[in-house]
Amino acid sequence: MANTYSALKRVRQEQRRTEINRKNKTRLRHQIRAMRRAIQSKDAKVAADLLPKTFSEIDRSAKRGIIKGNTAARYKSKLHLRVKALAA
């Protein structure tokens, strides 16, 4: 356990940040999972409706550092291709 005041404060800050990061990552994963389920069920309308919300969540996660920029771009590209193929 930490024994200086600054180290104790650092532990508290780290716990808060960890909780925030965990919530953000979970929110991202749930959104992507919902999107993939819509694509798998071949429901083009639902998938098209979820696309902007999913893109927004992916961009927000990349901005916050939950995922890297290239990972975000890759997720968006793959999802968009699948939704386009579903609509056609």
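Predicted model: local features only at pLDDT ≥ 70, side-chain atom pairs only at ≥ 80, totals over all residues.
Reader: What makes α1 roughly antiparallel to α2?

Author: Helix α1, residues 5-40, packs with α2 at an angle of about 155 degrees, their axes being 9 Å apart. Angles over 145 degrees count as roughly antiparallel, and therefore α1 is called roughly antiparallel to α2. As for handedness, α1 passes α2 in a left-handed crossing.

Reader: Which residues make the contact between α1 and α2, and how is that contact divided by class?

Author: From α1 the contact draws on N24, R27, L28, Q31, I32, A34, M35, A38 and I39, while α2 contributes V46, A47, L50, L51, K53, T54, E57, I58, S61 and R64. Sorted by class, the contact of α1 with α2 has eleven nonpolar, four polar and four charged residues.

Reader: How do you know that the span of α1 agrees with its number of residues?

Author: The expected span is 1.5 Å times one less than the number of residues, so the 36 residues of α1 should span 52 Å, and since the end C-alpha atoms of α1 are 52 Å apart, the two values agree. Just after α1, K42 takes a positive phi of about 60 degrees.

Reader: Which residues of α1 are called buried, and against what do they pack?

Author: The label requires a relative accessible area under 20%, and in α1 it is given to N24, L28, Q31, I32, M35, A38 and I39. These buried residues of α1 pack against α2 and also against α3, which covers residues 69-87.

Reader: Why is A62 called partly exposed?

Author: A62, which lies in helix α2, residues 44-64, has a relative accessibility of 24%. Buried would need a value under 20% and exposed a value over 50%, so A62, at 24%, counts as partly exposed.

Reader: What is A62 in contact with, once its neighbours within four places in sequence are left aside?

Author: With those neighbours set aside, A62 is in contact with I67, K68 and A72. The C-alpha atoms of A62 and A72 are separated by 6.2 Å, although the two residues are ten residues apart along the chain.

How values were computed: Residues numbered from 1 in each chain as written. Heavy atoms only, no water. Helix = DSSP H or I, 4+ residues; strand = E, 2+ residues; numbered from the N terminus. Buried < 20%, exposed > 50% of the residue type's maximum accessible area, 1.4 Å probe, protein only. Contact = heavy atoms within 4.5 Å. Axes fitted to C-alpha atoms, helices over the stretch in contact; angles between N-to-C directions. Parallel < 35°, antiparallel > 145°, perpendicular 65-115°, else oblique. Left-handed = near helix turned anticlockwise from the far one by under 90°. Nonpolar A, V, L, I, M, F, W, Y, C, P; charged D, E, K, R; others polar.
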